[in-house]
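Trainee: Could you take me through one part of this model closely? I would like to hear about the packing inside it.

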Amino acid sequence: MIVTLIVVCEAAFWVLLAAGLAARYLLKMPRTGMALLLCEPLLEVLLLVVTAIDLKNGADPSWKHGLAAVYIGYTVGHGHRTVRWLDGHAAHRFGGAPAPVGPPRYGRARARHEGEIWLGSVLAAAVASGLLLLALWYVGDDGDTGSLRSWIFFAWRAVGIHGLIALSYAIWPKKPPTGGSAVPARDPEHVPDLLVRGAGKDEEQVR
């Protein structure tokens, strides 16, 4: 049941998102569109309530409850970024707004961008861990909670891997491609000679 509800919530997330953007930019109903977009967090609340009821009714804690907590955490940490990105493109495509500026690609700006995304992963893991700890406290010593504890480890291991990837952009910042040049930058003293030669060839062609 929990896994089915996660799939339903994920599908409903995209349905509400599409309906909200369509109402805002196609039907010219910004308030209705905003109301639909604000319904997105209710999906996570629903999933949380159903998970708690399932545990209260005597269900043994399992990987399904851990997956539900991680899904909620991921939505909290990264869902707003997805909504903002799609809203920017919909506003440009259907609302006449300027094209959204893409993320930086090079240098320290790219490193900061990757760091911000990593902070979203930290928030996701913190939310998931908090929910899992509440589930552990709720179940107590009467049930097998090993699967819930393993999901906490999984969440923070994912944060660690993501952190190493983000850190690599700060240690080895990606450099923008340099424009091609007929004269190497290491030989600036040759530039005047080449310019003179080029000018001479142009004069010969004119003659």
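Mentor: Happy to. Leaving out residues up to four places away in sequence, Cys-9 touches Leu-43, Leu-47 and Tyr-71, where contact means heavy atoms within 4.5 Å. This is a predicted model, with local features needing pLDDT of at least 70 and side-chain atom pairs counting only at pLDDT 80 or more, while totals for chains, interfaces and linings use all residues. Residues are numbered from 1 along each chain as its sequence is written, and side-chain values use heavy atoms, without hydrogens or water.

Cys-9 also belongs to the largest nonpolar core, which has 30 residues; Ile-6, Cys-9, Leu-17, Leu-47 and Leu-132 have the most contacts inside it. Such a core is a set of buried Ala, Val, Leu, Ile, Met, Phe, Trp, Tyr and Cys residues joined through side-chain atoms within 4.5 Å; buried means under 20% relative accessible area, exposed over 50%, and partly exposed in between, with a 1.4 Å probe and protein chains only. At least two residues of this core come from each of helix 1 (2-25), helix 3 (40-56), helix 4 (63-94), helix 5 (107-139) and helix 6 (146-171). Helix 1 gives the largest share, nine residues. Helices here are DSSP runs of H or I, at least four residues, numbered from the N terminus.

Now to helix 6: its buried residues are Leu-148, Trp-151, Ile-152, Ala-155, Val-159, His-162, Gly-163 and Ala-166. Helix 4 and helix 5 are among what covers them.

For contrast, look at the loop between helix 1 and helix 2 (30-38), where Lys-28 sits. Lys-28 counts as exposed because its relative accessibility is 57%.
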